[in-house]
Amino acid sequence: MAEVAAVMRVSKMTVYRMVHGGDLPAVRVGRSFRVPEKAVHEYLRSAFFETG
């Protein structure tokens, strides 16, 4: 989660909220979550929009 938060430049709590809310897919391994790198990049690409 810390790595995902760093890439997205948000807090770890925000990443947990996104996972629990279904906005960001993750796999649960034991007591922790794993977010595929591809899912992070796809989310950022879909959330990007141009201004101006």
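Me: Which exposed residues does the face of H2 turned away from its buried side carry, and what makes a residue exposed?
Reply: That face carries Arg 17, His 20 and Gly 21. Exposed means over 50% relative accessible area, buried means under 20%, and partly exposed is in between (1.4 Å probe, protein chains only). This is a predicted model: local features need pLDDT of at least 70, side-chain atom pairs count only at pLDDT 80 or more, and totals for chains, interfaces and linings use all residues. Residues are numbered from 1 along each chain as its sequence is written, and side-chain values use heavy atoms, with hydrogens and water left out.

Me: Which residues of H2 are buried, and how do you know that they line one face?
Reply: In H2, residues 12–21, the buried ones are Val 15, Met 18 and Val 19. Seen down the helix axis, they fall within an arc of 100°, so they line one face. The arc is taken from the directions from the helix axis to the C-beta atoms.

Me: What do the buried residues of H2 pack against?
Reply: They pack against helix H1 (2–8), strand S2 (32–34) and helix H3 (37–47). Contact means heavy atoms within 4.5 Å. Met 18 touches Met 8, Asp 23, Leu 24 and Tyr 43, not counting residues up to four places away in sequence.

Me: What makes a set of residues a nonpolar core, and how many residues has the largest one?
Reply: The members must be buried Ala, Val, Leu, Ile, Met, Phe, Trp, Tyr or Cys, joined through side-chain atoms within 4.5 Å. The largest nonpolar core has twelve residues, among them Val 15, Met 18, Val 19, Leu 24 and Phe 33. H1, H2 and H3 each supply at least two residues of this core.

Me: Why is the pair of Tyr 16 and Phe 33 called edge-to-face?
Reply: Rings of Phe, Tyr and Trp (its six-membered ring) pair if their centres lie within 6.5 Å; planes under 30 degrees apart are stacked, over 60 edge-to-face, and the rest tilted. By this rule the count comes to one aromatic pair. Tyr 16 and Phe 33 lie 6.4 Å apart, centre to centre, with 75° between the planes, so the pair is edge-to-face. The pair links distant parts of the chain: Tyr 16 is in helix H2, Phe 33 in strand S2, 17 residues apart.

Me: What is the phi of Arg 9, and why is Arg 9 called exposed?
Reply: Arg 9 has a positive phi of about 60°, although it is not a glycine. Most residues other than glycine have a negative phi. Arg 9 sits in the loop between H1 and H2. Its relative accessibility is 77%, so Arg 9 counts as exposed.

Me: How many helices and strands are there, and what makes a run count?
Reply: The chain has three helices and two strands. Helices (H or I, at least four residues) and strands (E, at least two) are DSSP runs, numbered from the N terminus. From that end, the elements run α-α-β-β-α.

Me: What is the mean pLDDT of the chain?
Reply: The mean is 92, and 96% of the residues reach 70 or more. pLDDT is the predictor's confidence in each residue, from 0 to 100. Among the elements, H2 has the highest mean (96) and H3 the lowest (92).
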